[in-house]
Amino acid sequence: MSIRTPLPPGSDPLPDAGSFGPVSDPKAVSEALEAWFRVAARRLPWRDPRSGYRALVSEVMLQQTQVSRVIEAFERFIARFPGPAVLAAAPEPDVLAAWQGLGYYRRARLLHAAARAIVERHGGEVPASAAELEALPGIGRYTAAAIASIVHGERVPLVDGNVTRVLCRLADAPGRMGDPATERWAWRQAGSLVQACAAPGVTNEALMELGATVCVPGTPDCARCPVAHACAARAAGRQGEVPLPKRPARRRTLRWAVLVDAGADGVLLERRPERGLWASMMQPPTVEGSEHDDPAALARTRCERFDAVGSFVHVTSHRDVEFCVFRARAPVSGAPGREAPVRVAQGMLGAHALSNAAWRALEVAGVGVRTPRAARPARRAGPNASTDS
Ligand code: SF4
């Protein structure tokens with residue numbers, strides 16, 4: 001095992017990933033992981049009972065969403081759509097409405113498309129092999145491998161952010177999260193483990209579980225780790241330093257004006273465009289601008305009289321959107337080139353697919369039912385922020 005000395009601040013410490021060493025003794029590591037997982041695994045609804053469909057739904061939900069939030073949504077979604085055939089036959093607005101609270105609605109559309117492909121190509125049965133799964137819409141290498149190995153025992157590796165972090169630490173490899181060379185290296189290491197192990201699904205799930213619960217970002221809990229004896233980063237005292245964090249993405253700031261027109265006859269909602277952020281979802285009439293735009297000037301393009309009632313920042317993966325909320329005191333016109341807004345009774349708002357940001361805007365204006373998700377604290381950007389996309 002090599003022990004490196006710390007590099008001076010400001011230097012780029014990232015060597016080519018081809019020079020990273022391997023995870024040593026993959027057989028012993030996989031045995032320890034499997035033994036640990038059999039006693040330490042969290043009880044999660046998609047693990048009992050297991051099926052290809054339940055694994056598919058949970059894996060798609062877990063992409064970019066915290067486990068605690070997926071637990072809330074999973075049972076509700078499965079009760080509404082108990083199998084691929086029911087999901088495939090459902091209208092898209094119903095699927096989007098059932099996805100509320102999870103954000104990143106593109107995933108719901110892709111899951112819907114995957115269900116249709118499962119019905120058309122596989123007679124309504126979720127396929128068992130990683131190759132067939134990866135051919136479905138929206139199913140990538142990781143998700144296909146997770147379902148094929150965990151549900152059907154196929155000997156295929158998987159790598160996500162948690163697994164990459166665990167592997168980098170086991171080998172003391174100073175890769176950078178999100179770097180393609182680091183990811184290629186991680187897939188090779190995961191492949192070595194899955195070839196050497198007794199139960200591929202258990203080893204894969206144990207790696208994911210270890211990264212989610214013990215070998216966490218920042219300071220890992222090495223005292224609870226079943227593979228601490230084999231961990232090169234821990235031996236070198238570098239477990240808090242590897243892997244290097246992802247490079248921050250360039251962010252855009254937008255400013256949108258929301259016109260909330262609500263009364264005894266209901267709340268005015270319009271449908272968003274079919275493409276882009278929150279595609280096809282419903283929202284109070286909204287005028288989109290840039291960070292340099294005056295929000296009142298934006299609002300005035302669709303309504304003559306209004307009162308400003310508040311604002312909040314909504315954080316998406318690549319954008320910070322400042323929502324400036326107004327209560328309309330005059331009729332609100334439709335958006336040019338889009339279907340006309342409709343009035344929805346307040347008690348029926350929950351039947352429509354609204355983003356978390358749209359719910360938040362209604363809440364700021366003192367309208368609407370506060371959903372359990374909307375009431376949760378935001379992930380970033382302070383107490384006045386909310387998230388999803
Ligand atoms: S010993 Fe610590 S750093 Fe190494 S794999 Fe275990 S939790 Fe992660």
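Me: How many of the 11 residues of helix α2 (residues 52-62) are buried?

Reply: The model under discussion is predicted. A residue counts as buried if 20 or more other C-beta atoms lie within 10 Å of its own. In helix α2, 11 of the 11 residues are buried, so this helix is largely enclosed by the rest of the structure. The buried residues of α2 include Gly-52, Tyr-53, Arg-54, Glu-59 and Leu-62.

Me: What do the buried residues of α2 pack against?

Reply: Their partners are the helices α3 (67-80), α4 (84-89), α6 (106-122) and α8. Just after α2, Gln-64 adopts a positive phi of about 70 degrees.

Me: How many helices and strands does the chain have, taken as a whole?

Reply: The chain has 14 helices and 9 strands. It comprises 389 residues, of which 42% count as buried. Of the contacts with a separation of 6 or more, 69% are accounted for by residues 24 or more positions apart.

Me: How many of the 14 residues of α11 are buried?

Reply: In α11, 12 of the 14 residues are buried, so this helix is largely enclosed by the rest of the structure. Among the buried residues are Pro-200, Asn-204, Met-208 and Gly-211. The cover over them includes α1, α8 (141-152), α9 and α10 (180-196). As for its length, α11 reaches 20 Å from its first C-alpha to its last, close to the 20 Å expected at 1.5 Å a residue.

Me: At what angle do the axes of α1 and α11 cross?

Reply: The axes of α1 (residues 26-40) and α11 (residues 200-213) cross at roughly 75 degrees and come within 9 Å. Angles of 65 to 115 degrees count as roughly perpendicular, and therefore α1 is described as roughly perpendicular to α11. On the side of α1, the residues that meet α11 are Ser-30, Leu-33, Glu-34, Trp-36 and Phe-37. Their counterparts in α11 include Val-202, Glu-205, Leu-207 and Leu-210.

Me: Why might residues a few places apart in a helix point the same way?

Reply: An α-helix has 3.6 residues a turn, so residues three or four places apart point the same way.

Me: How are the axes of α9 and α10 placed, and at what angle do they cross?

Reply: These axes come within 10 Å and cross at roughly 80 degrees, which means that α9 is roughly perpendicular to α10. The contact is made by Val-163, Thr-164, Leu-167 and Ala-171 of α9, together with Thr-182, Glu-183, Ala-186, Gln-189 and Ala-190 of α10. Its residues divide into 5 nonpolar, 3 polar and 1 charged.

Me: How many residues surround the ligand, and which are the closest?

Reply: The ligand is surrounded by 14 residues, the closest being Cys-215, Cys-222, Cys-225, Cys-231 and Gln-239. The elements that give two or more residues to this shell are α9 (161-171) and α12 (232-235). The largest share, 3 residues, comes from α9. The shell divides into 11 nonpolar, 1 polar and 2 charged residues.

Conventions:
Residues are numbered from 1 along each chain as its sequence is written. This is a predicted model: local features need pLDDT of at least 70, side-chain atom pairs count only at pLDDT 80 or more; totals for chains, interfaces and linings use all residues. Axes are lines fitted to C-alpha atoms, for helices over the stretch in contact, and angles run from 0 to 180 degrees between N-to-C directions. Helices (H or I, at least four residues) and strands (E, at least two) are DSSP runs, numbered from the N terminus. Angles under 35 degrees count as roughly parallel, over 145 as roughly antiparallel, 65 to 115 as roughly perpendicular and the rest as oblique. Two residues are in contact if their C-beta atoms, placed from the backbone, lie within 7 Å. A residue is near a molecule or strand if its C-beta atom, placed from the backbone, lies within 6 Å of it. Ala, Val, Leu, Ile, Met, Phe, Trp, Tyr, Cys and Pro count as nonpolar, Asp, Glu, Lys and Arg as charged, and the others, Gly among them, as polar. The expected span of a helix is 1.5 Å times one less than its number of residues.
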